[in-house]
Amino acid sequence: MKPGLPFLLPAFLLLASFPFLPSPAPAATPAPGFVVTVLGARGGMLDGNLSAYMIRPTGDDRAILCDAGTVTAGLVAADRAGALDDVAVPPGTGLTRPGYVLAHTIRAYLLSHAHLDHVAGLVIASPDDGPKPIYALPATLHDLSAHLFNWRIWPNFGDAGPPPTLGKYHYRPLVPGRADPVPDTAMTVTAWPLSHGGIDSTAFLLAANGAAILYLGDTGPDAVEGGHRLDDLWRAVGPQLAAHRLKAIIIEASYDDTRPDRLLFGHMTPAWVADTLRDLARRAGGPDTLRGLTVLIGHVKASLATGPAPQEAIRRDLLRDAARDGLQDVRFVIAEQGQRLTVGAGPTAATEAVPPAGPTGRPR
Ligand SMILES: [Zn+2]
Ligand SMILES: [Zn+2]
């Protein structure tokens, strides 16, 4: 970082750089919002740290998991970091805290697409998992039942596909744009298709208690993918942002801004994230609508090369792109495994985070 720059740093970078803020005292009745626990944050290489975000309404233990690239290792890492301490584990279950959260706290999976970095943790954990529904667009459910839970790659824990079906997982197809309640949780989910380098991926809007959070699976920019899936999404959720109901967006930035568009392969860079957030603001009624929005950046491609970690380049690019595009009021956070964030739970609620632990958490 150049000398003299720090006085220019907007608040979001300070938050992103110093996430060990003291947690606010819990309110007696939490304001509408969500708790996000990052079980897996990266978009490649680290098989113990791939996309998986546990989301639950504030004050409510009934969670869903958005994507499931890393599940068990993510729960163990989150537990070690103290990020599951707020989950009440009843005595006598015979389960560790990660085991209880896997079998009972997570009530459903929402899968954006069936690429391995989004489903491998679910497959590996399946023998010890509890029964639950898997929500996805029909093409993703077909990929699971035809190509993963098919008795060849893995036993068929689903309720469709090659017999006999073990029926632990219930496939629940979503209809784009239609809100469906997620049973046994306080949340509804609405899906929209995304374009991801030749296959469909999915965005999920979760709503509870008058608040909403949007998770985007892998996606490329409209201008590179040759379509308008992101614009369609922003048109649909723009009113939620304008009404201050949308509290956070989880979106990918796989590569830094040096990556040429022809090598994006259905992914985003910080510059494209900033660009599409401006499109969202336009659909929501102007740049002011982004004020206070938390944007959690995931799916950064990990690297085994020497030199600075890729997320540091992403952080640097986001700072520059956000300043250029007038997005200083957005609270950007780079996702780290074992992190817990509270979003939208009242105007005084700071971003709460727990340091990552274990071999996949880099020291800061
Ligand atoms: Zn991916
Ligand atoms: Zn993918």
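Predicted model: local features only at pLDDT ≥ 70, side-chain atom pairs only at ≥ 80, totals over all residues.
Biologist: Let's start with the whole chain. How many helices and strands does the secondary structure come to?

Modeller: Buried residues make up 55% of the 364 residues in the chain. Among contacts with a separation of 6 or more, 63% join residues 24 or more positions apart. As for the secondary structure, the count is nine helices and 14 strands.

Biologist: Which residues coordinate the zinc ion (ligand 1)?

Modeller: Along the chain, the donors follow the spacing D-H-x99-D-x80-H. They sit at 2.0 to 2.2 Å from the zinc ion (ligand 1). The residues are Asp117 (OD), His118 (NE2), Asp218 (OD) and His299 (NE2).

Biologist: What is the arrangement of the four donor atoms around that zinc ion (ligand 1)?

Modeller: A tetrahedral label would need all angles to lie between 85 and 135 degrees. The angles here run from 87 to 168°, so the arrangement is irregular.

Biologist: Which parts of the chain does the pair Asp117 and His299 tie together?

Modeller: Asp117 counts as buried, at 15% relative accessibility, and His299 is buried too, with a relative accessible area of 2%. The four donors around the zinc ion (ligand 1) subtend angles of 87 to 168°. Two of them are 182 residues apart in sequence, so the pair ties together helix α4 (residues 116–125), which holds Asp117, and the loop between β12 (294–298) and α9 (310–324), which holds His299.

Biologist: How far apart do the zinc ion (ligand 1) and the zinc ion (ligand 2) lie?

Modeller: One residue, Asp218, bridges the two ions. The distance between the zinc ion (ligand 1) and the zinc ion (ligand 2) is 3.4 Å.

Biologist: Moving on to Thr202, what lies 2.8 Å from a polar atom of the side chain of Thr202?

Modeller: Thr202 has its place in strand β9 (residues 199–208) and counts as buried at 1% relative accessibility. Residues that Thr202 touches include Leu111, Ser112, Trp192 and Gly217. The atom you ask about is the backbone oxygen of Ser112.

Biologist: And Asp60: with which side chain does the side chain of Asp60 make a polar contact?

Modeller: Asp60 belongs to the loop between β2 (52–57) and β3 (63–66). With a relative accessible area of 14%, Asp60 is buried. At 2.9 Å, the partner is the side chain of Arg62.

Biologist: Is Val273 buried or exposed?

Modeller: Val273 is found in helix α8. Among the residues Val273 touches are Ile251, Met268, Ile297 and Phe332. The relative accessible area of Val273 is 0%, under the 20% cut-off, so Val273 is buried.

Biologist: Where is the place of His244, with its positive phi of about 65°?

Modeller: Most residues other than glycine have a negative phi. His244 has a positive phi although it is not a glycine, and at 57% relative accessibility counts as exposed. Its place is in the loop between α7 and β11.

Biologist: One last point: what is the peptide bond from Pro163 to Pro164?

Modeller: Pro164 is found in the loop between α5 (138–147) and β6 (169–173). Most peptide bonds are trans. With omega near -5°, the bond from Pro163 to Pro164 is cis.

Conventions:
Residues numbered from 1 in each chain as written. Chains lettered and ligands numbered in written order. Heavy atoms only, no water. Donors = N, O, S within 2.8 Å, 3.2 Å for Na, K, Ca; no water. Tetrahedral: all angles 85-135°; square planar, octahedral: opposite > 155°, others 65-115°. Helix = DSSP H or I, 4+ residues; strand = E, 2+ residues; numbered from the N terminus. Buried < 20%, exposed > 50% of the residue type's maximum accessible area, 1.4 Å probe, protein only. Polar contact = N/O pair within 3.5 Å; in protein donor to acceptor, adjacent residues only side chain to side chain. Contact = heavy atoms within 4.5 Å. Lists of a residue's contacts leave out its neighbours within four places in sequence.
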